[in-house]
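Here's a quick tour of one protein model. Have a look at the structure, then read on.

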Amino acid sequence: MSEFGLLGRSLKHSFSQTYFTQKFYSLNLTEHHYELFELPTIDELPALLAAHPDLRGLNVTIPYKEQIWPFLNEVAPSAARVGAVNVIEFTDDGRLIGHNTDLAGFRESVRGLLPAGFTSRALILGSGGASKAVEVALRDLGIGYWVVSRNPLGAGLTYADLTPQLFQDHLLIINATPLGTYPETDQYPPIPYEYLTSQHHLFDLIYNPSETEFMRRGQALGAQTKNGFEMLCIQAEEAWKIWAR
């Protein structure tokens, strides 16, 4: 048996198990199984690995994309660029290698949201591991950005700094926070939505629910929106390429 799984603190929102279970079925990989591993702290990872000797790959989600680092033997260039890990490769000789496929997932998905010749800047809401992948992807695409967080001592902006002029100059806004994720679907990032226009493009990394309050508020003012489902699928396929090679 080959076992795979998702590592996180709360996984009620996750679609990964369904995605990979269906994938294994379509490939007739009857000995492959995908499980959800909820850990209250990352310090319990060694015990989890010892209890599951058939593990061949893990996805990593909030809040462990950065905390996982000390438990790895090696990091691939994708994870080194981002500074966060969302995929772990288990090698035949027992090493754990960290990768980041969120980078490719977001970069390719956001291309489909933006019009040809997009020259504006972006606001990234949130400063966690997912935000770091978004930052690298935007640099790859040549899109300037500010990171927005609640931390007044951070390197970027706070929500209180957001002005009409900033919104005029930043026509791409990305929600890289968990605000709005199922089951707390009434939550949303605290931005001044009244500054949005039909020129804005809102990308929400959340995929459950498929339409978040962040997206709905943008749509009400004419903004184009996209959720994180395509990003999820792209990063999952990239993860499978790593595990299957």
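Of the 245 residues in the protein chain, 53% are buried, where buried means under 20% relative accessible area, exposed over 50% and partly exposed in between, using a 1.4 Å probe on protein chains only. Keep in mind that this is a predicted model: local features need pLDDT of at least 70, side-chain atom pairs count only at pLDDT 80 or more, and totals for chains, interfaces and linings use all residues. Residues are numbered from 1 along each chain as its sequence is written, and side-chain values use heavy atoms, with hydrogens and water left out.

The protein chain has nine helices and 12 strands; these are DSSP runs numbered from the N terminus, with at least four residues (H or I) for a helix and at least two (E) for a strand.

| Element | Residues | Buried |
|---|---|---|
| Helix H5 | 102-111 | eight of the 10 residues |
| Strand E1 | 2-8 | seven of its seven residues |

Now for E1. In a regular strand, side chains alternate between the two faces of the sheet. Both faces of E1 are covered, with Ser2, Phe4, Leu6 and Gly8 buried on one side and Glu3, Gly5 and Leu7 buried on the other. E1 runs parallel to strand E2 (residues 32-38), and seven bridges join them; strands count as paired if DSSP finds at least two bridges between them. Across that pairing, leucine 7 stands opposite phenylalanine 37 in E2.
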